[in-house]
Amino acid sequence: MAANTLITLSNVQLAYGHHPLLDHADFAVQPGERIGLIGRNGAGKSSLLKLLDGRTMPDDGEIMRLGGLKISTVEQEPELDESLTVFDTLCGDITESEDWQRPSRVNALIEQLGLSADALIAGLSGGTRKRVALARALADEPDLLLLDEPTNHLDFIGIGWLENLLLNARCSSIIITHDRRFLDAVATRIVELDRGKLFSFPGNFSTWQQRKAEWLEAEKQQNAKFDKVLAQEEAWIRKGVEARRTRNEGRVRRLEQLRRDRASRRERVGNVSLAVAEGQRSGKLVVELENVSHAYDDRVLIRDFSATIMRKDRIGLIGANGAGKTTLLKIILGELQPTSGTVRLGTNLTVGYFDQMRAQLDETATLADTINPGSEWIEIGDQRKHVMSYLEDFLFPPARAHSPVQSLSGGERARLVLARMFARPTNILVLDEPTNDLDIETLELLEDLLQDYPGTVLLVSHDRAFLDNVVTQTFVAEENGHWQEYVGGYDEWLAQRPAPPDAASEKARKKEAAAAERAKPIKAIRVTSWELRELEELPDTIAQLEAKQSQLAAKLADGSLYRDAPAEVDVINEQLGSIEKQLITLFGRWEALEEKKNGGS
């Protein structure tokens with residue numbers, strides 16, 4: 001292990017039953033890294049965190065840690081003592097640790113996070129509990145921070161705070177999250193756990209998406225070549241008796257090895273297949289709210305809000321935790337009468353509801369009974385599916401169909417709720433934080449389904465990318481119970497929301513300056529012969545740099561490099577950074593020369 005490497009996994013194996021979570025995996029963490037750990041539900045991401053912080057031991061292989069390494073972990077659902085205050089939870093037992101500076105750090109974190117020092121843990125919301133757990137981990141001043149789905153239960157303000165915290169933290173971090181925008185903001189490296197192996201990609205999530213697509217295509221071509229060779233060898237071995245008498249024994253041994261390799265090749269697990277049973281069409285009007293207000297005691301959550309929801313609208317509800325999003329949902333659905341104002345519901349409304357707390361699941365029921373009690377068949381559109389086949393579409397093997405709900409992980413519960421909701425005819429889908437616990441692939445498939453859904457969608461989510469990819473308009477909680485309707489998703493809301501007066505005037509000033517600049521007369525510009533030659537050569541120069549970029553990225557994708565030559569990792573990252581800067585400059589030059597050429601002709 002290199003002198004400054006924090007932790008190294010070499011040839012590590014971990015399995016539960018016959019299912020290998022880590023299969024001779026290599027991995028290393030360098031100082032200052034922010035690693036986004038991604039992979040499918042059940043792939044073993046949380047188990048990997050437990051190996052790193054020592055809660056679990058590997059079945060085989062070696063884990064080496066830097067001397068004195070301090071690791072802090074924030075789990076998906078942090079365990080906090082309900083009887084303690086926030087301050088006592090964060091401080092812990094100072095006399096044991098003799099960390100006399102901890103109270104001052106704790107007070108600073110409490111102020112930074114807007115927590116109440118004297119509040120009891122028992123009365124806190126899920127989002128506030130997550131903040132307390134994060135603060136407790138940070139108060140430890142770790143060298144390595146492990147975060148398991150840290151954005152679950154956090155609102156946009158909390159997610160923004162966490163992004164800034166990680167960007168400015170001195171420690172390295174490994175983050176399991178499905179939040180693609182969050183990964184783009186903070187990650188310096190993406191590590192994917194896929195079929196027991198750890199694959200490393202430098203850069204953020206968007207960079208990973210591009211490189212992973214290239215990697216999968218290369219794997220597909222390699223497997224196709226392998227299968228072709230195997231088929232040829234199988235055909236040869238089955239020739240007539242005379243041919244078998246004279247066959248080359250070395251070739252036979254090669255065939256046997258090919259068969260063993262093919263049998264041991266762990267195929268990529270199938271995708272979740274999503275389809276939704278569409279109910280009878282609702283009327284054109286789904287619901288009309290007129291001057292709706294609602295209050296609990298003296299607190300007004302909704303003040304004089306009017307809106308009309310039509311069939312096929314896909315509406316996102318945006319607001320801080322406790323702003324009243326779920327309350328507004330219930331009023332829209334007619335489940336709660338507002339304090340004042342009128343609600344007019346449309347006709348033929350059939351609602352499918354996805355509850356963020358998964359409260360609708362019976363813990364003792366089997367998966368099959370949860371999907372379709374009393375029947376083995378499900379009708380989805382013009383399709384008739386057996387419940388076993390339908391469960392397989394959501395990655396539940398037939399052997400688990402009769403397992404109880406209580407045996408499922410968080411991600412599996414989310415998939416089961418989706419499976420049950422989609423199995424029933426609906427024309428309104430209500431999704432309250434559906435992205436919690438779902439892996440990224442399932443999220444993207446769910447996005448596709450919702451975009452094509454012929455009914456109406458009401459969505460509460462703090463996943464900014466999910467909102468942008470799904471909704472056509474947003475209802476946003478603003479100050480003092482006021483709600484405002486905006487066209488588009490999260491980014492459109494950011495662009496449209498009222499700016500502070502100073503910012504607005506600065507924006508207007510810049511707009512006027514830009515208009516004045518555009519109004520200046522443009523001089524005719526003629527491209528020179530040497531610039532034309534430069535323009536012709538630019539594509540080849542860029543292609544060479546991109547080829548070099550791909551070669552370096554392929555090297556970094558090899559997990560053993562981080563173990564065997566960690567110093568080379570820094571060198572390659574520097575080279576990649578330099579290439580990226582050169583490419584930006586070259587593309588800018590290409591655009592400028594093209595513009596000059598077209599303007600001068």
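1. Setting aside neighbours within four places in sequence, Gly 42 touches His 19 and Leu 21. Contact here means heavy atoms within 4.5 Å. Gly 42 sits in the loop between β3 (34–38) and α1 (45–52). Helices (H or I, at least four residues) and strands (E, at least two) are DSSP runs, numbered from the N terminus.

2. This is a predicted model: local features need pLDDT of at least 70, side-chain atom pairs count only at pLDDT 80 or more, and totals for chains, interfaces and linings use all residues. Residues are numbered from 1 along each chain as its sequence is written, and side-chain values use heavy atoms, with hydrogens and water left out.

3. Buried or exposed: which is Gly 42? Gly 42 is exposed, at a relative accessible area of 52%. Ala 43 lies in the loop between β3 and α1, but is buried at 17%. The cut-offs are under 20% relative accessible area for buried, over 50% for exposed and partly exposed in between (1.4 Å probe, protein chains only). Beyond its neighbours within four places in sequence, Ala 43 contacts Leu 21 and Leu 193.

4. An unreviewed UniProt entry lists a "binding site" that includes Gly 42 and Ala 43.

5. Helix α5 has 14 residues, and 10 of them are buried, so α5 is largely enclosed by the rest of the structure. Among the buried ones are Gly 127, Lys 130, Arg 131 and Val 132. The cover includes β5 (71–74), α2 (86–91), α4, β6 (144–148) and α6 (156–168).

6. The length of α5 checks out. Glu 141 follows α5 with a positive phi, near 50 degrees.

7. How do α4 and α5 pack? The axes of α4 (residues 102–113) and α5 (residues 126–139) come within 10 Å and cross at roughly 145 degrees. Axes are lines fitted to C-alpha atoms over the stretch in contact, with angles from 0 to 180 degrees between N-to-C directions. Arg 102, Arg 105, Val 106, Leu 109 and Leu 113 in α4 meet Arg 131, Ala 135, Arg 136, Leu 138 and Ala 139 in α5. These contact residues divide into six nonpolar, no polar and four charged.

Notes:
Ala, Val, Leu, Ile, Met, Phe, Trp, Tyr, Cys and Pro count as nonpolar, Asp, Glu, Lys and Arg as charged, and the others, Gly among them, as polar. UniProt positions are given in the numbering used here, feature names are shortened, and annotations may be inferred rather than shown by experiment.
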